[in-house]
Amino acid sequence: MTVREFREADRPFLRTLYLAARKAGWQWLDSQHWQLEDFDHSVLGEKVLVAEYQEHIAGFASLLVADSFLHNLFIDPASQNQGVASALLEACYPLCRKKMLLKCLTRNLHALAFYQRRDWLVISSGLSEKGDYFLMQAPDR
């Protein structure tokens, strides 16, 4: 497993990955208007890390580094349960000077369980255009 910084050549595949992963993971949302270009808007101005597993791009994470906020962590549905998300998360910690935060949709039970297994704590909740979410904080490192 290799985690590296985003390269422009990654964009076409990451667009496809982002669309496929959202459709697979957020089945309760209406995806009919989602587009490949949504990736571009979602990571604009963010630090993007890319995971490669068995010589293929398997996932990505994007951070708002100044805010220590993990905005995106998406894994190719074909690469789930291979340690890709864990590797990306580990690579994010050193980039955050403060406690890392993220929002996790409450209906995204798979992601919620992933973070809870890693001792992330729910510190508040809210409502977004995609539904209810938990604001979560990484454990002390």
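Me: Which elements do the buried residues of helix 1 pack against?

Reply: Happy to start there. In this predicted model, the buried residues of helix 1 pack against helix 2 (38-42), strand 2 (47-53), strand 3 (56-64) and strand 4 (69-75). To count as packing here, heavy atoms have to lie within 4.5 Å.

Me: Which residues of helix 1 are called buried, and what makes a residue buried?

Reply: They are Arg11, Leu14, Leu17, Tyr18, Leu19, Ala21 and Arg22. The word applies to a residue with a relative accessible area under 20%. Over the chain, buried residues make up 41% of the 141 residues.

Me: How do you know what span to expect for helix 1?

Reply: The rule is 1.5 Å times one less than the number of residues. Helix 1 covers residues 11-25, which is 15 residues, and the expected span is 21 Å. From its first C-alpha to its last, helix 1 reaches 21 Å, close to that expectation.

Me: Why is Ser128 called partly exposed?

Reply: Ser128 has a relative accessible area of 26%. Buried would need under 20% and exposed over 50%, so a value in between is called partly exposed. Ser128 sits in strand 6 (residues 121-128). Leaving aside residues up to four places away in sequence, Ser128 touches Leu105 and Tyr133. Its C-alpha is 9.9 Å from that of Lys103, 25 residues apart along the chain.

Me: What makes the chain as compact as a globular protein of its length?

Reply: First, the layout: the chain has 4 helices and 7 strands, running β-α-α-β-β-β-α-β-α-β-β from the N terminus on. The radius of gyration is 14 Å, and the globule rule gives 14 Å for 141 residues, so the chain is as compact as a globular protein of that length. Along the principal axes, the C-alpha atoms fill a box of roughly 35 × 35 × 30 Å. Among contacts with a separation of 6 or more, 59% join residues 24 or more positions apart.

Me: How many residues line the largest pocket, and which lie nearest its centre?

Reply: The lining has 38 residues, with Trp26, Leu73, Phe74, Asn108 and Ala111 nearest the centre. Helix 1, strand 4, helix 3 (84-92), strand 5 (101-105) and helix 4 (109-117) each give two or more residues to this lining. Strand 4 provides the largest share, 7 residues. By class, 19 lining residues are nonpolar, 13 polar and 6 charged. The space in this pocket comes to about 960 Å³.

Methods:
Residues numbered from 1 in each chain as written. Predicted model: local features only at pLDDT ≥ 70, side-chain atom pairs only at ≥ 80, totals over all residues. Heavy atoms only, no water. Buried < 20%, exposed > 50% of the residue type's maximum accessible area, 1.4 Å probe, protein only. 1 Å grid on protein atoms, 1.4 Å probe; cavity = no way out; pocket = protein on both sides within 12 Å on 5 of 7 lines; lining within 4 Å. Points joined across faces, edges and corners; volume = space filled by probe spheres on them. Nonpolar A, V, L, I, M, F, W, Y, C, P; charged D, E, K, R; others polar. Rg over C-alpha atoms; globule rule 2.2 N^0.38 Å.
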